[in-house]
Amino acid sequence: MTHAGYLVAGWGISLVVLGGYALGLVRRGRRLAPRVPVDRRRWIDSPGSDRG
Amino acid sequence: MAGPDKRRDGTGSRGSRLLGVGALVSVAALIVLAFVATDADVRTHPTTGEEFGQFDAVRMLYLHVPLAVLMYVAFVVCAVASAGVLLRRTAWWDVTAYAAAEVGTVLCGLVLVTGSIWGRPVWNTWWEWGDVRLMTTLVLFLLFVGYLALRRTTTDPRLQARRAAVVALVAVLDIPLINRSVAWWENRTLHQQSTLAELKIEDLTLFTLMFGFLAFGLVAWWLLVHRFRVGWLEQAATDHDVAIALAERRFETSATDLDAAIGRRDNREDPV
Amino acid sequence: MTPLASMSGRPVVDVRRFLVDVRLVAGRDLWIEARSRVVVAQVVPFALLVLILFGFALDADQRTLDTFAPGLFWVAVLFSALLAVHRSARLEQSDGTLDALRMSGLAPLALFLGKATAVFVQLLALEAVLVGGLLVFYGVEVEDPVLLIVAGVLAGATVASAGTLYGALASGLGVRETLLPILLLPVLAPVLISATRAFDDALGVAAVDGWAWTGLLAATALVATVVGALAHGVLIED
């Protein structure tokens, strides 16, 4: 395949960055959740909630 | 939905896991389509008989273009949510604006990188000053890097939400001006001379491109949902910390009174 | 609350009073500058220094300097504007000045226009000195002084308006001054491009239609002032 290096670089970087970001988000979520009472962890669960 | 989901130990849910699987599967399918099923762009010169075209570099099309479109979608969501922050002033709009901005900035960075990598074999240059879309995208990236930097400052959350909203809206309003000024400047644009117009985008190529929008669209949507949830947790955690600090002042002896005051029922952990 | 309503809620129908307020704010800022001489003694020398450093860095001969003069001029102006804007915003930070102004019934729009005008005046002075710097250090010649002045005025107005808005955004507790450049400079990209092209024509460096670019500068100046005023009002009100 011609230009194989560019293709690997382009697709590779994109998938790695997106995957890494996704992983980072999951980790952040796991770290934050225990700090919050269960009924306030999700927007849909939160009581009445609109804090400005 | 009973069971593990109710604990909400992280940002996952049944819906988002489904979305994640869907995204992974479609990206895998896209890779197959992009690299195996579709052909390289090879054209024959009518008179000299030479072969020319992008050859395999065209496979970047299915990556770069969907990312670019999704980047714009993310920034539009951020702009709309920022307007919502100024008009409605609820936390939901603010968390959405921040989430969309962050996802959009990641996508924007990738658009610039993949664009540069694609440009090298096709236009023989890593960068071209004076190309309208390149320059506008670069400035857009810088504008939102600034937005994210502002977001990290530790001021009063309400004030920060409003400031960030103003920055996002001004950034988005600035885009047409940036576009105009770069377009007039030199009037050179590689994006036009190109390739997108000349490529035979039909049949399988078109389908793969559309599928690329779907695959990366699912990825972007998953990222947005999770980034929103992380943002929501961050706000809730800060609010909760403040509530604890206030309650601890008032209830200096009784631990049960303290727990009751801040709504702590099943997480038995030591107070700070 | 319309922009012309005062902060205490009374609608200001008196335009003369409004203009007096604008002059008051601008006058105060300029008077402070006259007393402290920060722009004159620090910002202008900084700008000249930028021009000179570019001269060193580019290992210049006459031809190179000519071609780059407009671009380097506007880069120097933008960097210096950061300092001037930051200083303008800092004036409101001390001793509850902003609260006092708000409670005095000053219209938010008057505050914005007054501060922007003060910055504008300082930028014009800066630009004038820098043009002198170009003539001396870079050996350029002014072929179209009218174009030069009009473009300089419009670009200066744009930078002053946008700068006043972002100065307010990037000031306050917990915000470092390193935030202002990264926020303000990308927004001013169109000004840099347009003003440089206009100066290319005015200094006879390149064959471009400077007046067309000046038209774009007029549009950006208008947008910057209107948007700046609205956004500034949103930020100040609580």
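B:Asn124 sits in the loop that joins H3 to helix H4 (132–151) of chain B; helices here (H or I, at least four residues) and strands (E, at least two) are DSSP runs, numbered from the N terminus. The model is a predicted one, so local features need pLDDT of at least 70, side-chain atom pairs count only at pLDDT 80 or more, and totals for chains, interfaces and linings use all residues. Residues are numbered from 1 along each chain as its sequence is written, while chains are lettered from A and ligands numbered from 1 in the order in which they are written.

Phi of B:Asn124 is near 65°, a positive value in a residue other than glycine. Most residues other than glycine have a negative phi. B:Asn124 counts as exposed, with 8 C-beta neighbours inside 10 Å. On this scale a residue is buried if 20 or more other C-beta atoms lie within 10 Å of its own, exposed if 12 or fewer, and partly exposed in between, with C-beta atoms placed from the backbone. B:Arg89 also has a positive phi, near 60°, and is not a glycine. Its place is the loop between H2 and helix H3 (91–123) of chain B, and B:Arg89 is partly exposed, having 16 other C-beta atoms within 10 Å.

Helix H3 of chain B also holds B:Trp92, which counts as buried with 20 C-beta neighbours inside 10 Å. B:Trp92 and B:Trp129 are 37 residues apart along the chain, and their C-alpha atoms are separated by 39 Å. B:Ala215 belongs to helix H7 (residues 203–250) of chain B, and B:Val27 is 188 residues away from B:Ala215 in sequence but 5.2 Å away in space, C-alpha to C-alpha. B:Ala215 is buried, with 26 other C-beta atoms within 10 Å. Leaving out residues up to four places away in sequence, B:Ala215 touches B:Ala23, B:Ser26, B:Val27 and B:Leu30; two residues are in contact if their C-beta atoms, placed from the backbone, lie within 7 Å.

Chain B has a mean pLDDT of 85, and 85% of its residues reach 70 or more. Within chain B, confidence is highest in helix H2 (residues 61–88), at a mean of 95, and lowest in helix H6 (residues 190–193), at 53.

Next come the helix pairs. Two packed helices are described by the angle between their axes and the distance between the axes. Axes are lines fitted to C-alpha atoms, for helices over the stretch in contact, and angles run from 0 to 180 degrees between N-to-C directions. In chain C, the axes of helix H6 (residues 145–169) and helix H7 (residues 179–187) come within 10 Å and cross at roughly 155°. H6(C) and H7(C) are therefore roughly antiparallel; angles under 35 degrees count as roughly parallel, over 145 as roughly antiparallel, 65 to 115 as roughly perpendicular and the rest as oblique. Their crossing is right-handed, where a crossing is left-handed if the near helix is turned anticlockwise from the far one by less than a right angle, and right-handed if clockwise. Among the residues making this contact are C:Ala162 and C:Tyr166 of H6(C), and C:Leu183 and C:Val187 of H7(C).

H7(C) also packs against H4(B), at an angle of about 150° and with the axes 9 Å apart. That pair is roughly antiparallel too, but H4(B) passes H7(C) in a left-handed crossing. The contact includes B:Leu142 and B:Gly146 of H4(B) and, from H7(C), C:Leu183 and C:Val187.

Zooming out to whole chains, 22 residues of chain C are in contact with 25 residues of chain B. The largest share of chain C's side, seven residues, comes from H9(C). Chain A has one helix and zero strands, and 27% of its 52 residues are buried. In chain A, 34 residues are in contact with 41 residues of chain B, and chain A's side divides into 19 nonpolar, seven polar and eight charged.

Terms used: Ala, Val, Leu, Ile, Met, Phe, Trp, Tyr, Cys and Pro count as nonpolar, Asp, Glu, Lys and Arg as charged, and the others, Gly among them, as polar. pLDDT is the predictor's confidence in each residue, from 0 to 100.
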